Every structure is written in structure tokens, then in C-alpha cells.
Amino acid sequence: MAGAAAAQSAASDWEAVRGATDIQYAPLAPVKPVQAEAPEWLQAFGHLLEAIFAPIGQLLGMSWPIFSNVLIALAILLALFVLWRIFGPVIAGLRNRAEAEEAESWVPVEAEALALLEDADRLAREGRFAEATHLLLRRSVGQIRDARPDWLHPASTAREISALPMLPDSGREAFATIATRVERSRFALRDLDAGDWSAAREAYARFARIELRA
């Protein structure tokens, strides 16, 4: 009996809750998003474009919604083209200037290189090939020191410099050609001849054009 009374009481409480008007049990209707309308001036502009271009679209076999999308795509392409025409030369100029600055970052001054070769050629004409070659070596070391002093230290030898991994292969080869002949004349006590000088001079011409990026 007690169980039946409890069940009846629970059912009565449930009916009382269901009957309360302040509790919503029915499913809510989906809320439709409110679409913002375009301003009147924009709508008027759209109608004007439709009146002008819709006949052209009909001639091409396209409805106005499709043709309007084509016109929008063409307008975007035209805007990009105009921007490229305006800013393209500026961007190209900046890129060319940056490339020129990189190319000139370490190439020695032409007048300085020519003056050095004149001095070295004068020594070579006098038959002082070892001194001329040594002058090229000192100048090559000076060019590295001026551009990248962190690569050298006071005790760096010509053989160590010619093996620097930071130098390009062509730079190491050219420097080694000069350094080898200087070492031969100073330590092997062997005089250099015109052939040695010619090889060293050609090597310096290559070395002077090596680009060293800082």
C-alpha cells in the first residue's frame, strides 16, 4: 500500500510540473538568421549595372547572376593588373638594387685592383717575379680581411687561408695558386719565372672577382 501511495504521489507531482505554464516543454522553432540588406545606393548601383550589362550576358548565353560573377572576376583581374603596372617597376628596381649591392659586397674597387696589378707588372718586367707574386698574395689576404675579418686571425698562414671552407671553390683554387708559388720562392728557395708569374696573375684576376657575401 505504501508503494502504491508513493507512486500515485510521484505521478501527481509530475502532472503538476507538466502543467506549469512557466516551463517550456515543446521544441523551439529554429531561428532563421537575419540577413542584412544592402544599402539602397548599393542596390541602385547593382540595378544600374544589371540594366547595362545584362543584355550583353544574354547575347553570350548567360543569365545575369552568372554574368555578374564573370564581371566581378574580370574587375579583380583588372585591379591586379593595374597594381602590378604601378608597383611592378618599383619592386623590380628594389630587387635589382639588392642584387647589385650583394654583387658588390666584396668585389674590390676596380681602380685599386688595377693599381695593384700595375705595381706587380712593373716588378715582373724587372724580373722580380717573386716580389710581384708576393704582392698579389698580400693583396688577396687584405681583401679577405677587409671583407670578413672574422675568418682570419693574426697567425693565419697562406696554406690555412687557401683551405678556408667559407671561400668558394674557385676562390680557394685561385688563392692556392698564388700562395703555392710564394711558399716555393720563400721556403724552397726556388726563384719564380715568367710562367709562375703568369699563373699567379691570372689566378689573382679570378680571385678579385670572387663574390663574398657578408
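**Helices and buried residues**

Author: This is a predicted model. In helix 5, the buried residues are Phe129, Ala132, Thr133, Leu135, Leu136, Leu137, Arg139, Ser140, Val141, Gly142, Gln143 and Ile144.

Reader: How many residues does helix 5 have, and how far does it reach?
Author: Helix 5 runs over residues 129-147, which is 19 residues. From first C-alpha to last it reaches 27 Å, close to the 27 Å expected at 1.5 Å a residue.

Reader: What about helix 8, which residues are buried there?
Author: Asp196, Trp197, Ala199, Ala200, Ala203, Tyr204 and Phe207 are the buried residues of helix 8. They are on the same side of helix 8, because they cover an arc of only 165 degrees around the axis.

Reader: Why would residues a few places apart point the same way?
Author: An α-helix has 3.6 residues a turn, so residues three or four places apart point the same way.

Reader: What caps the N-terminal end of helix 8?
Author: Asp193 does, with a side-chain oxygen 3.1 Å from the backbone nitrogen of Gly195.

Reader: Which residues does Asp121 touch?
Author: Leaving out residues up to four places away in sequence, Asp121 touches Trp197 and Arg201. Trp197 is one of the buried residues of helix 8.

Reader: And the whole chain, how many helices and strands?
Author: Eight helices and zero strands. Buried residues make up 25% of the 214 residues.

Methods: Residues are numbered from 1 along each chain as its sequence is written. This is a predicted model: local features need pLDDT of at least 70, side-chain atom pairs count only at pLDDT 80 or more; totals for chains, interfaces and linings use all residues. Side-chain values use heavy atoms; hydrogens and water are left out. Helices (H or I, at least four residues) and strands (E, at least two) are DSSP runs, numbered from the N terminus. The expected span of a helix is 1.5 Å times one less than its number of residues. Buried means under 20% relative accessible area, exposed over 50%, partly exposed in between (1.4 Å probe, protein chains only). The arc is that of the directions from the helix axis to the C-beta atoms. A polar contact is a pair of N or O atoms within 3.5 Å; within protein, one must be able to donate a hydrogen and the other to accept it, and residues adjacent in sequence count only if both atoms are side-chain atoms. Contact means heavy atoms within 4.5 Å.
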